[in-house]
Amino acid sequence: MSIALVTGASRGIGRSCALALAATGTTVVVNYSRSPAAALEVVTAIESAGGQAMAVQADVSVPEQVDALFASIIEKYGRLDILVNNAGITRDGLLLRMKLEDWKAVIDLNLTGVFLCLKAAAKIMLKQRCGRIINIASTSGVAGNAGQANYSAAKSGVLGLTRSAARELATRGITVNAVAPGFIATDMTDGLDLSGILTQIPLGRVGQPEEVAGLVRFLGTDPAAAYITGQVMLIDGGMIIA
Ligand code: NAP
């Protein structure tokens with residue numbers, strides 16, 4: 001039995017990742033912080049389709065709550081095969097007006113939260129000598145974005161963390177990759193004026209959470225993705241073409 005943890009799986013991209021992994025027969029731990037009803041809806045959707053899941057509340061920016069989250073996974077399943085570090089927030093503002101609390105909140109969850117979960121998962125996966133870690137970054141972490149200094153810094157940090165962890169963990173059969181979405185239709189982008197943005201996307205539309213989930217599912221697949229590690233995969237409709 002394969003076990004996956006998706007952080008921030010109650011809504012948006014995390015929700016789609018949970019459903020996509022469950023559809024492959026993987027048992028999914030649906031983490032959430034403040035939306036219990038939405039997380040339970042994800043569990044119900046997975047179970048209705050014949051899969052298995054459990055919801056676990058934890059703010060993954062808080063070390064004690066991350067410890068409790070991983071302890072509950074080990075207590076229930078005794079292993080962890082796939083970690084999707086997805087939980088993330090924005091607190092946008094121009095650099096000169098950005099409050100320290102908005103800087104810290106974004107770094108604490110989007111970067112430190114990824115570090116805490118990656119470290120906890122690696123401890124388990126090192127013993128198993130196998131595992132797949134997928135970090136959800138962003139094109140903002142690749143190219144920067146005006147009004148998102150905190151978010152871009154955190155997501156760039158995730159790219160460095162991904163590359164270093166990939167190098168450290170490779171000999172034990174653990175791969176670590178990052179997925180960097182462009183603009184995806186979720187609560188996070190709801191309300192943004194996308195008219196100017198669409199002109200910068202060659203495919204001429206925003207992405208759907210299911211499209212990101214398809215890439216995450218592939219990176220979690222054994223053996224198809226077993227030889228990919230330390231990579232950053234953009235899924236952005238062609239917004240950044242290197
Ligand atoms: P979203 O719709 O706002 O969903 C965010 C998810 O994160 C929710 O399930 C939320 O759960 C959870 N979450 C928030 N704070 C948390 C915490 N402290 N601990 C645990 N979970 C927490 O966001 P999204 O658009 O799906 O984004 C998902 C990831 O993709 C993020 O890392 C984001 O930066 C990245 N991303 C998104 C886009 C985009 O265009 N949407 C583009 C690039 C990258 P609760 O409701 O329970 O709090």
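First, some ground rules. This is a predicted model, where local features need pLDDT of at least 70, side-chain atom pairs count only at pLDDT 80 or more, and totals for chains, interfaces and linings use all residues. Residues are numbered from 1 along each chain as its sequence is written, and side-chain values use heavy atoms, with hydrogens and water left out.

Let's start with the nonpolar cores. A nonpolar core here is a set of buried Ala, Val, Leu, Ile, Met, Phe, Trp, Tyr and Cys residues joined through side-chain atoms within 4.5 Å. Buried means under 20% relative accessible area, exposed means over 50%, and partly exposed is in between (1.4 Å probe, protein chains only). The largest core has 42 residues, and those touching the most other members are Val29, Leu69, Phe70 and Leu80. Two or more residues each come from β1, β3 (53-57), α3 (63-77), α4, α6 (149-169) and β6. Helix α4 gives the largest share, twelve residues. These helices (H or I, at least four residues) and strands (E, at least two) are DSSP runs, numbered from the N terminus.

Which residues does Val29 touch, leaving aside its neighbours within four places in sequence? Contact means heavy atoms within 4.5 Å, and on that basis Val29 meets Ile3, Ala4, Leu5, Val6, Met54, Val56, Leu69, Ile73 and Tyr77. There is also a second, separate core of 30 residues, with Ala9, Ala39, Val43 and Ile228 among them.

Now look at helix α1, which spans residues 12-22 and is mostly covered, with eight of its eleven residues buried. Those eight are Ile13, Gly14, Ser16, Cys17, Ala18, Ala20, Leu21 and Ala22. What do they pack against? Their partners are β1 (3-6), β2 (27-32), α2 (36-48), β4 (82-85), β6 (174-181) and α8 (209-219).

Two single residues are worth a click. Thr27 sits in strand β2 and counts as buried, at 3% relative accessibility. Beyond its neighbours within four places in sequence, Thr27 contacts Met1, Ser2, Ile3, Ala4, Gln52 and Tyr77. Leu126, in helix α4, is partly exposed at 27% relative accessibility. Not counting residues up to four places away in sequence, Leu126 touches Leu169, Arg172 and Ile174. Leu126 and Ile174 are 48 residues apart along the chain, yet their C-alpha atoms are separated by 7.6 Å.

On to the charged pairs. Side chains of opposite charge can pair when their charged atoms come close. The rule used here asks for a side-chain nitrogen of Lys or Arg within 4 Å of a carboxyl oxygen of Asp or Glu, and the count comes to five salt bridges. One of them joins Asp187 and Arg11, with the closest N and O atoms 2.8 Å apart. That pair links distant parts of the chain, 176 residues apart: Asp187 is in the loop between β6 and α7 (195-198), while Arg11 is in the loop between β1 and α1. Arg11 is partly exposed, with a relative accessible area of 43%.

Arg15 in helix α1 and Glu41 in helix α2 are 26 residues apart. Arg15 is partly exposed at 25%, and so is Glu41 at 38%. Glu211 and Arg205 also form a salt bridge, with 2.8 Å between the closest N and O atoms. Glu211 has a relative accessible area of 34%, and Arg205 has 40%.

Last, the empty space. Rolling a probe the size of a water molecule over the atoms shows where such space is left. The search runs on a 1 Å grid over the protein atoms alone: a cavity is a set of points where a 1.4 Å probe fits but cannot get out, a pocket is an open set with protein on both sides within 12 Å along at least five of seven lines, and lining residues have an atom within 4 Å of a point. Grid points are joined across faces, edges and corners, and a volume is the space filled by probe spheres set on the points.

The structure holds one cavity of 30 Å³ or more. Thr7, Val60, Asn85, Asn86, Ala87, Leu109, Gly113, Val114 and Cys117 line the largest cavity, and helix α4 (residues 100-128) supplies the largest share of that lining, four residues. The second largest pocket has a volume of about 190 Å³. Of its 13 lining residues, the closest to the centre are Ser2, Asp81, Ile82, Gly220 and Asp222.
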